[in-house]
Amino acid sequence: MKKTKSFISLALTSMLAAVVIAGCGTGNQTATGQAPAPSAGDKKTLVMATSADYKPYEYHDLSSGKDEIVGFDIDVAKYIAKELGYELQINDMNFDGLVPALQTNRADFVMAGMTATPEREKNADFSTIYYDAKNTIVAKKDSNLTKPEQLAGKKVAVQLGSIQEGAAKKLADTVSGLQITSLNKLPEIVEEVKTGRVDAAIIEDTVAKGFVENNDSLQFTTMEENEKNGSAVAFPKGSPHVQKFNEVIKKMQENGEMDKLIKKWFGQ
């Protein structure tokens with residue numbers, strides 16, 4: 001009887017030890033520190049860092065009564081995560097803290113309308129470009145305003161807080177007398193051009209195309225710029241996710257999903 005009790009006690013002790021050891025794992029990470037491939041019924045989580053103050057790429061939407069981060073980048077990230085079998089966690093932080101978050105392993109990737117500049121590439125790896133934004137000059141067809149230097153002494157409308165607003169301010173440093181009018185809504189900006197209250201507008205190419213197609217009196221001309229404005233996903237150096245993200249981005253570009261999201265967020 002004592003031998004039987006001792007055997008049972010030993011078995012229970014071994015089982016408890018196994019449970020304790022199993023409970024001391026690293027969550028979503030393997031022993032190598034890398035997240036294992038997701039399996040059915042056992043989804044892992046990818047942490048996305050962003051700076052949700054950059055509409056329409058990512059911003060806080062309170063219209064439903066709750067605070068929700070939405071935008072073009074968010075939809076792209078959700079699609080990629082779903083394709084790869086991951087849950088998505090979005091962390092909002094200051095823009096200048098995004099790359100440091102990658103360096104300290106507080107995020108698996110960053111999407112924030114970010115351009116892969118040489119300086120950033122020293123500290124992060126980047127995906128292929130998923131959205132290549134180009135700025136255009138939108139003006140009346142008879143205005144002869146097609147080049148930045150022709151905007152000297154002119155009133156130019158831009159969307160408040162946009163890349164184009166920043167581009168216009170930079171342009172004003174070299175183009176004499178350029179006056180900037182910042183407005184909230186793109187339809188309002190186009191209306192200002194149509195009525196002549198401003199001479200031109202600087203608008204992203206995808207958006208400009210849609211407005212010009214519906215307004216015969218307008219034209220748009222792509223601005224030649226030295227800087228590349230394409231948005232890419234940023235990762236920690238050596239991240240195993242880069243190739244998989246690139247594969248899904250390519251798929252989205254080929255199956256029309258990327259165009260659909262571009263029209264959703266930039267085409268209205």
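Analyst: Strands here are DSSP runs of type E with at least two residues, helices are runs of H or I with at least four, and both are numbered from the N terminus. By that rule D53 sits in strand 2, which covers residues 53–54. The model is a predicted one. Its protein chain has nine helices and 13 strands. Of the 268 residues in the chain, 40% are buried. Among contacts with a separation of 6 or more, 71% join residues 24 or more positions apart.

In soluble globular proteins, nonpolar side chains tend to be buried together. The largest nonpolar core in this model has 49 residues, and F72, F109 and I203 touch the most other members. At least two residues of this core come from each of strand 1 (44–50), strand 4 (68–70), helix 2 (72–84), helix 6 (186–195), strand 11 (200–204), helix 7 (205–213), helix 8 (241–255) and helix 9 (257–266). Helix 2 gives the most, with eight residues. Domain 1 (45–133 + 229–266) and domain 2 (135–222) both give residues to the core, so the core lies between them.

I203 shows what such a position touches. Leaving out residues up to four places away in sequence, I203 has contacts with K134, N135, T136, V138, Q164, L186, I189, V190 and A208. There is also a second, separate core, made of 15 residues, including V99, L102, A107 and A234.

Two packed helices are described by the angle between their axes and the distance between the axes. For helix 8 and helix 9, the axes come within 4 Å and cross at roughly 75 degrees. Angles of 65 to 115 degrees count as roughly perpendicular, and helix 8 and helix 9 are therefore roughly perpendicular to each other. Helix 8 makes the contact through I249, M252, Q253 and N255, and helix 9 through E257, M258 and L261. These residues divide into four nonpolar, two polar and one charged.

Next, the individual positions. T50 is found in strand 1. Buried means under 20% relative accessible area, and T50, at 0% relative accessibility, counts as buried. T50 touches E58, I90, N91, D92, M93, L98, M111 and A112, not counting residues up to four places away in sequence. One of these, M111, is 61 residues from T50 in sequence, with a C-alpha to C-alpha distance of 5.7 Å.

D53, in strand 2, is exposed, with a relative accessible area of 61%. From C-alpha to C-alpha, D53 and I69 are 9.6 Å apart, and they are 16 residues apart in sequence.

Two asparagines complete the list. N105 is found in the loop between helix 3 (98–103) and strand 6 (109–110), and N144 in the loop between strand 8 (135–140) and strand 9 (155–159). N105 has a positive phi of about 60 degrees although it is not a glycine. A positive phi of about 60 degrees is also found for N144, again not a glycine. Exposed means over 50% relative accessible area; N105 is exposed, at 65%, and N144 is exposed, at 55%.

Conventions. Residues numbered from 1 in each chain as written. Predicted model: local features only at pLDDT ≥ 70, side-chain atom pairs only at ≥ 80, totals over all residues. Heavy atoms only, no water. Core = buried A, V, L, I, M, F, W, Y, C linked by side-chain atoms within 4.5 Å. Buried < 20%, exposed > 50% of the residue type's maximum accessible area, 1.4 Å probe, protein only. Domains from an automatic or database assignment. Contact = heavy atoms within 4.5 Å. Axes fitted to C-alpha atoms, helices over the stretch in contact; angles between N-to-C directions. Parallel < 35°, antiparallel > 145°, perpendicular 65-115°, else oblique. Nonpolar A, V, L, I, M, F, W, Y, C, P; charged D, E, K, R; others polar.
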